[in-house]
Amino acid sequence: MSTSSVSKGCFVFKPSAKKKKTLSLADHFIHGCEGAENSEKRFKLCQDLWDQIKTDTEVLQDELNRNILDSLLDFTRKCSSTRQHSDWASQMRASEIPTAALVLGVNVPDHDMTFQSLSDLLQQSVTPYVASVQAKDNGCTLKHLIKRVLERLMGTVVTVDDEEEEEAEQTSAQHHKSVHCSLSTLCDWYNTKTKKSNTGTPGKKRSSPVRDGPQQPPVVIIFKDLEAFNPRVLQDFILICSRYIERLPLMFIFGIATSPSTIQHLLPHSVSSLLCIELFQSLSCTQHLATVIDKLILTKQFPFKLNGKVMQVLISIFLYHDFSVRKFIKGIQLALLEHFHSQPLSVLCCKKKEALLNVMQLDHLDLERIRHLLSFKRYVEKQEPREQVDLLTDDTHLKEVCQKLIKDLHKYHKNYYPILRCLHTLTSSLPRYPLGKQIRELHLICLEKNVWESEDYQSAMKLLKMLAKDELIALLQRCAEILQPAKSKKIKSALVQLEDMLTKFKQLDTAEPPPTVEDSITSPLKHLQKKTDLAQLQKTLLEMNESRRAKKLSPFEVLRNEALEFIDSLVKSHLSPPESQVLNEVCYYTSSATVRRHLNATPRTSIQAALNSPFYYLQTEDGTVSNAAPDICIVYKLHLECGRLITFTTGWNLFSSARFIRAVSELEFLGFIKSTKQKTDHVARLTWGGC
């Protein structure tokens with residue numbers, strides 16, 4: 001569409017009446033989905049499991065934060081009441097700013113949820129005056145920090161001395177009355193607010209959310225990321241606030257990601273002495289991860305499963321990259337979406353009753369997909385010749401067999417997790433942790449191979465035979481508690497046998513007569529000559545070893561061996577890898593490379609692709625780098641074509657020197673080039689990229 005006019009004017013183009021069709025989530029899922037005949041049903045199952053993950057994690061997050069948040073609420077209430085007492089100690093404390101140091105660990109991406117919950121609870125039950133600030137939102141100056149605090153508390157526009165910022169605020173908020181940026185303004189506003197709430201009309205309830213709170217509710221300022229704040233700005237802000245503590249009931253909450261000693265590094269003693277600091281420690285990120293794995297992965301209630309390689313990728317990204325539980329959960333959701341999108345047989349990845357119904361609705365193409373599964377091929381090879389023919393040719397018979405196999409798969413999961421927890425209970429406290437300290441380590445071993453065939457398992461069993469009676473009884477009692485809520489028939493039978501063994505342990509005589517000196521001396525030693533040769537000594541020692549082996553075991557040793565053999569039989573019966581189960585491909589996601597590529601992408605590769613092919617990201621029709629491309633893309637193309645050095649004169653031929661210098665600076669910041677000492681107008685490639 002083009003226009004031409006002799007004089008300047010304004011041209012109006014009416015939008016087309018044809019509206020662009022917006023695709024729903026289901027449309028995006030179905031588009032390009034393998035096995036489109038049941039894609040809608042798979043999308044419904046995927047969405048239900050996605051919602052279940054979201055709900056379970058939100059409930060879990062609330063439970064984990066409950067203790068620490070309740071402690072913080074009690075701290076704020078206690079500090080508010082302290083200001084109203086007239087005793088000397090209370091007045092001394094009132095001259096300091098109450099400060100809660102909340103240590104949240106290094107999983108920084110997960111802190112927002114905690115602070116949002118804390119802010120909501122404070123506004124609901126303690127004070128309506130809560131402001132949360134972050135270092136990235138407040139610039140690098142003191143006035144920006146005060147401006148942000150006042151705006152969050154007062155809900156109005158705050159002006160600063162810069163004329164440019166004043167003009168920007170006036171244009172962006174024309175309907176709000178601006179106020180001056182100072183704490184005295186906040187004091188006047190607070191006094192006005194508290195007087196209005198205290199002098200309400202009789203017979204009417206206060207509109208404030210704090211109905212039964214103190215007469216002067218505190219003003220809480222939350223610093224979400226204390227380490228990221230400019231130390232000088234933070235010090236000046238605290239010094240200014242300390243001068244207004246008698247007029248304004250201020251309270252600080254410091255969000256600390258590393259260590260409480262951060263406060264000492266950021267604040268000198270002259271500033272930290274103005275704070276009354278109390279430390280609060282939240283659950284560590286590794287403990288949080290263990291809880292998430294326990295609720296989402298190590299449970300039969302959640303039909304979708306991850307194989308060992310995918311689990312290892314997610315745990316490695318957590319431990320070696322970001323410590324983010326939220327990203328770990330996003331990884332599970334990504335695997336869930338990929339599984340239902342790429343695996344047509346994921347229609348059977350649901351609860352048992354629904355899966356049995358879906359089996360009978362499979363068409364011939366789906367049944368052929370089942371016949372091509374690796375686990376099903378192994379199953380067919382073990383059958384009789386006549387049964388093999390029926391499985392490969394008769395669709396009706398195959399559906400009946402698949403129903404039985406689905407039941408067996410659900411029984412496998414129903415038995416796997418209780419026995420896994422029992423084995424972890426028995427081995428997690430052994431020296432050097434042969435099967436891992438965390439249950440996720442044991443789970444990874446069981447996913448990859450037969451755990452009972454490993455040397456670590458044999459070592460763990462030998463160590464269990466060295467436990468004292470009280471220790472072994474306590475561990476077996478905990479195993480019985482784990483098996484108690486299970487509904488599987490095999491697990492119930494195992495529980496009965498375990499309880500019988502515990503009863504026998506308790507019936508053993510606690511006081512056994514110690515061996516006498518005569519009994520401890522074996523007969524070969526009595527007849528040992530004072531002078532003997534090496535052969536005679538070797539023969540005597542062999543006889544002593546044989547006699548020690550033939551020695552009668554005590555009742556406790558016999559029962560202990562029986563209990564450990566029973567545990568060993570449970571492990572061999574129920575902890576086989578999921579690959580050994582028929583139709584495991586239905587519910588296990590195995591593409592670890594896809595998860596790694598999406599969650600742990602290589603930044604330099606992505607940047608190079610964007611600079612070299614901007615038309616793909618900008619959605620332009622031209623497949624080459626044109627003049628319409630960003631300057632940095634043109635300079636990057638020049639950087640690839642101009643050999644080892646790039647001069648400013650080369651850039652002047654394309655566009656202005658200022659734009660060229662800016663683009664070169666951006667490339668230098670990204671690490672593609674570096675300045676040289678040959679000339680001031682030369683830059684050279686960095687060697688590590690291999691461009």
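## Burial and residue S119

A residue is called buried when its relative accessible area is under 20%, exposed when that area is over 50%, and partly exposed in between, with a 1.4 Å probe and protein chains only. S119 has a relative accessible area of 10%, so it is buried. S119 belongs to helix α4 (residues 111-125); helices (H or I, at least four residues) and strands (E, at least two) are DSSP runs numbered from the N terminus. Leaving out residues up to four places away in sequence, S119 touches V130, S132 and I222, where contact means heavy atoms within 4.5 Å.

The model is predicted: local features need pLDDT of at least 70, side-chain atom pairs count only at pLDDT 80 or more, and totals for chains, interfaces and linings use all residues. Residues are numbered from 1 along each chain as its sequence is written, and side-chain values use heavy atoms, with hydrogens and water left out.

## The sheet and its helices

Five strands form an open sheet in the order β2-β5-β6-β1-β7, with parallel pairing; two strands pair if DSSP finds at least two bridges between them. The edges are β2 (130-133) and β7 (275-281), each with a single partner strand, so one side of each has no neighbour in the sheet. On average, neighbouring strands are turned by 20 degrees against each other, direction ignored.

The parallel strands β2 and β5 are joined by four bridges, and A131 stands opposite I221 in β5. Helix α4 packs on the sheet, touching β1 (97-103), β2, β5 and β6, and its direction makes about 180 degrees with that of β5. Such angles run from 0 to 180 degrees between N-to-C directions, with axes fitted to C-alpha atoms, for helices over the stretch in contact. Helix α8 (residues 231-243) also packs on the sheet, touching β1, β5, β6 and β7.

## Aromatic pairs

The whole structure holds 14 aromatic pairs. Rings of Phe, Tyr and Trp (its six-membered ring) pair if their centres lie within 6.5 Å; planes under 30 degrees apart count as stacked, over 60 as edge-to-face and the rest as tilted. The ring centres of F223 and F252 are 5.6 Å apart and the planes are at 90 degrees, so this pair is edge-to-face. F223 lies in β5 and F252 in β6, 29 residues apart, and both are buried.

## Nonpolar cores

A nonpolar core is a set of buried Ala, Val, Leu, Ile, Met, Phe, Trp, Tyr and Cys residues joined through side-chain atoms within 4.5 Å. The largest has 111 residues, with L306 and F376 making the most contacts inside it. Helix α18 (residues 395-427) gives the most to this core, with 14 residues.
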